[in-house]
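Hi,

Here is the structure I promised to send over. Have a look at it first, and then read my notes below.

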Amino acid sequence: MARQNSASAAVAVPKNGNTVGGGKWRRLRKSCPWLLMLLPAVLVVFLFNYLPIYGVLIAFQDFMPGDQIIGPYTRWVGFDNFIRFFTDVQFWPLMKNTFLLCILGFIIGFPLPIIIALSLNALKGKRTAKVIQTIFTAPHFISLVVMVGMLTLFFGRYGLVNNIIAGIGGDRVSYFLEEGAFRPMYILSSNWQDFGWSAIIYIAALSNVDPGLHEAAILDGASRFQRVIHVDLPAIMPMVSVMLIMSIGGLMGVGYEKALLMQTDGNLGVSELIATYVYKQGLTGVPDQAYATAIGLFNSVINVVLLIIANTTSKKFSENSLF
Amino acid sequence: MPVKNKLLKSTMGDKVFYALNYIFLGLMTLIILYPIYFIIIAAISDPDAVLAGEVVLYPVRVTLSGFQKILERADVWRGYLNTIIYTVLTVVLSLIVTIPAGWALSRKTLLGKKFFMIYFIIPMFFGGGLIPFYNVMNSLHLVNNMWSVILPSILSVWNLFMTRTFFESSIPEGLVEAARIDGAGEWRIFTNLVIPLSKAILAVMALYYAVGQWNSYFNAMIFLQDENLYPLQLVLKEILIASESTTGGSGETILEQYRLANQIKYVSVIVSSAPVICLYPFVQKYFAQGVMIGSLKG
């Protein structure tokens with residue numbers, strides 16, 4: 001019996017090896033059209049994503065615009081640019097502004113779509129739910145420029161709020177020049193735009209909840225609210241943890257394009273974020289590209305670390321993870 | 001008796017719950033709709049009435065002069081035209097790049113599949129940042145060139161994975177195998193079998209890329225210097241936002257400027273967002289589909 005086994009194994013090995021060898025060649029030939037289909041995408045990603053990653057090397061150099069990234073005259077300076085940033089008087093304000101804006105945004109922006117989805121799902125009329133959902137999603141398609149423009153039309157010196165204040169005899173105050181108004185305006189307008197859009201993914205998950213679960217809960221005497229808490233919410237928990245990981249990973253990379261639009265001399269103390277600072281240092285005034293690249297790299301390393309921490313934590317506690 | 005009691009109690013609780021739910025959703029609907037409504041009534045009201053705070057719930061002294069003024073602004077229309085050109089080119093190129101690549105990545109026997117997956121995943125989580133990106137664009141001679149706005153936008157890795165997930169879940173493998181047995185090559189299979197079955201993903205991708213390009217301003221701001229190349233959003237940025245940061249100037253002239261400028265602002269918000277917002281209810285099922293395709297693989 002054992003001999004027979006080994007004999008068949010001995011026969012199988014070369015045969016197997018053969019098909020692998022031939023298979024590889026056949027696989028390459030068969031894959032050829034697919035590789036051609038893939039080529040443009042590979043090229044675009046190489047040009048616009050991988051070449052810049054290579055360009056990050058200038059963060060470790062004394063780099064002047066026009067220099068070669070690696071050449072005979074490259075002056076390597078190690079972590080000097082990073083140390084310069086850590087000792088920059090702007091360092092702590094930038095860290096604080098970036099973290100605070102993102103965390104405050106997260107505290108409202110993360111649970112709100114979940115509440116909206118649960119609430120829409122609990123609506124009796126499905127048609128009404130559809131109409132409301134359509135309305136909720138619409139502001140997502142308003143551009144950042146228009147969104148910030150709308151903010152000025154409501155909260156600017158000659159915006160609606162000030163027009164009413166002036167109408168009853170008060171003084172006009174541009175909320176764009178007030179430090180205290182920046183974060184509320186930023187966060188509330190972001191949520192205004194996106195809570196409906198972010199809810200779609202939870203609404204989709206809720207539509208897959210087994211109706212049998214609800215029927216069983218009703219027989220047990222559960223109220224509609226109890227069913228939301230004990231049937232609907234657990235059903236979307238896997239999605240919630242995936243979204244949580246993703247938003248923690250993107251915590252520090254958030255929304256600088258909008259912050260840049262909202263910046264004025266008056267609110268710079270709270271609206272200057274790491275990413276907007278990178279833009280200003282690297283592309284405006286007298287550009288200091290190596291320094292700006294170092295700051296940008298620092299920011300994206302923090303993001304990757306946050307993502308990995310969130311992912312491993314989630315894996316440990318809930319078996320839900322991105323990778 | 002206790003059973004009946006329990007049922008009665010729970011329906012009372014449910015009634016309260018449903019009522020509160022309606023109130024909550026009604027309030028949220030108002031919060032979403034009012035700002036949009038206000039922009040519309042302010043755009044068609046007399047600018048003096050708007051500045052005096054009289055326009056809150058309904059238009060006052062209706063006038064279309066704002067729309068007339070915007071019709072006379074050459075920069076707005078040039079921006080509009082540029083944006084349309086950029087958007088159309090972006091959509092066409094992005095479909096050519098994204099759809100075949102998504103199909104290739106969905107093939108189980110693709111050589112080096114694992115390598116390509118990692119190759120595309122890395123940029124989702126790590127990038128070179130703004131300055132190296134700018135330098136690459138500079139060395140590709142794309143600065144102050146309309147292609148600087150288009151080319152970096154023709155592939156979103158996120159969209160690529162969405163396309164791949166779509167193909168994996170909705171093109172039956174048996175159908176592809178049957179076509180292969182009938183002697184169709186991989187290209188024939190892709191163009192004659194896969195594409196006709198993929199209208200949904202084509203629509204979703206076209207819409208995603210189109211809206212992304214229509215609404216973007218940042219690349220245009222850093223790469224374009226020639227005002228003739230400005231897309232609509234950049235023109236709008238000047239109209240809508242530039243003035244807010246100025247603090248100085250004497251009150252009277254500034255007020256006069258604002259009187260004129262604000263009306264243009266209301267109108268330009270409408271004129272620029274109208275195409276997207278008007279189209280949106282008709283195509284929203286595709287957008288929602290996209291989100292759901294994306295969520296399959298999470």
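Predicted model: local features only at pLDDT ≥ 70, side-chain atom pairs only at ≥ 80, totals over all residues.

Where is B:Asn144? It lies in the loop between H6 and H7 of chain B. Its phi is positive, about 60°, even though B:Asn144 is not a glycine.

B:His141 isn't a glycine either, yet it has a positive phi of about 60°. It counts as exposed because it has 10 C-beta neighbours inside 10 Å.

Next, a helix pair in chain B. Helix H8 (residues 157–170) packs against helix H11 (residues 199–215) at an angle of about 170°, and their axes are 11 Å apart. So H8(B) and H11(B) are roughly antiparallel to each other. Who meets whom? On the H8(B) side you'll find B:Asn159, B:Thr163 and B:Phe166, and on the H11(B) side B:Ile201, B:Met205 and B:Tyr208. By type, the residues of this contact are 4 nonpolar, 2 polar and no charged.

Now zoom out to both chains. Their contact takes 84 residues from chain B and 82 residues from chain A. On the chain B side, those residues divide into 56 nonpolar, 21 polar and 7 charged.

Last, chain A: the domain assignment gives domain 1 (2–58) and domain 2 (89–318). The C-alpha centres of these two domains of chain A lie 42 Å apart.

Cheers

Note on methods
Residues numbered from 1 in each chain as written. Chains lettered and ligands numbered in written order. Contact = placed C-beta atoms within 7 Å. Nonpolar A, V, L, I, M, F, W, Y, C, P; charged D, E, K, R; others polar. Domains from an automatic or database assignment. Axes fitted to C-alpha atoms, helices over the stretch in contact; angles between N-to-C directions. Helix = DSSP H or I, 4+ residues; strand = E, 2+ residues; numbered from the N terminus. Parallel < 35°, antiparallel > 145°, perpendicular 65-115°, else oblique. Buried ≥ 20, exposed ≤ 12 C-beta atoms within 10 Å, placed from the backbone.
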